[in-house]
Amino acid sequence: MPLYEHLPSDIREVVDAYVADLRPQPWRIRFLLLIDLLQEKLETGAAAEQWRLLQQWTGIVTAILEHLPPDSSVVECLGLMSISFNDEWRAQALGQIERDPTALDRLVAICPDWEDIVETVWEANQRRPIKAGQVRGR
């Protein structure tokens, strides 16, 4: 079952709105708009909530990818796949990034903060791993 089905209704509404806005856009624009969403969440949220906000953003990205099927041939999409909660997409993306030494450089050229974002998302997931029951229980 897709992550989208486990999200609270208010988050599904956010995902639906983003999917509608992002569908006609190329992956580069989708990527940049999702990075803007993360930065907006982190700027407006309390520092103590940073881990929850990062996990929420990663969940939104994953659910959006469920609606806008990922394209691993596009580096921006590959970047989003690499931080998603979908284990298959994440493994595929990380393997491809590892095999293509220019992929990370291209992501950083598009988003200079990309390496920091990836590290912070990873740390957030290590510190506060999402449990399927927690998502369903909301």
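User: Buried means under 20% relative accessible area, exposed means over 50%, and partly exposed lies in between. In this predicted model, which of these classes does Leu32 count in?

Analyst: Leu32 has its place in helix H3, and together with Ile29 and Leu33 this residue makes a nonpolar surface patch of about 200 Å². Because its relative accessibility is 30%, a value between the cut-offs of 20% and 50%, Leu32 counts as partly exposed.

User: Is Thr58 buried or exposed?

Analyst: Thr58 sits in helix H4, and once its neighbours within four places in sequence are left aside, Thr58 is in contact with Ile83, Ser84, Phe85 and Val121. Its relative accessible area is 0%, which is under the 20% cut-off, so Thr58 is buried.

User: Leaving aside neighbours within four places in sequence, which residues are in contact with Val15?

Analyst: Val15 is one of the residues with the most contacts inside the largest nonpolar core, and its number falls within helix H2, which runs over 9–22. When its neighbours within four places in sequence are set aside, the residues in contact with Val15 are Tyr4, Leu7, Ile60, Ala63, Ile64 and His67.

Terms used. Residues are numbered from 1 along each chain as its sequence is written. This is a predicted model: local features need pLDDT of at least 70, side-chain atom pairs count only at pLDDT 80 or more; totals for chains, interfaces and linings use all residues. Side-chain values use heavy atoms; hydrogens and water are left out. A nonpolar core is a set of buried Ala, Val, Leu, Ile, Met, Phe, Trp, Tyr and Cys residues joined through side-chain atoms within 4.5 Å. Buried means under 20% relative accessible area, exposed over 50%, partly exposed in between (1.4 Å probe, protein chains only). Helices (H or I, at least four residues) and strands (E, at least two) are DSSP runs, numbered from the N terminus. Contact means heavy atoms within 4.5 Å. Patches are made of residues with over 30% relative accessible area and no salt bridge: like charges are joined within 9 Å, nonpolar side chains (Val, Leu, Ile, Met, Phe, Trp, Tyr) within 5 Å. Accessible areas come from the Shrake-Rupley method with a 1.4 Å probe; for residues, only the protein chains shown count as cover. A salt bridge is a side-chain nitrogen of Lys or Arg within 4 Å of a carboxyl oxygen of Asp or Glu.
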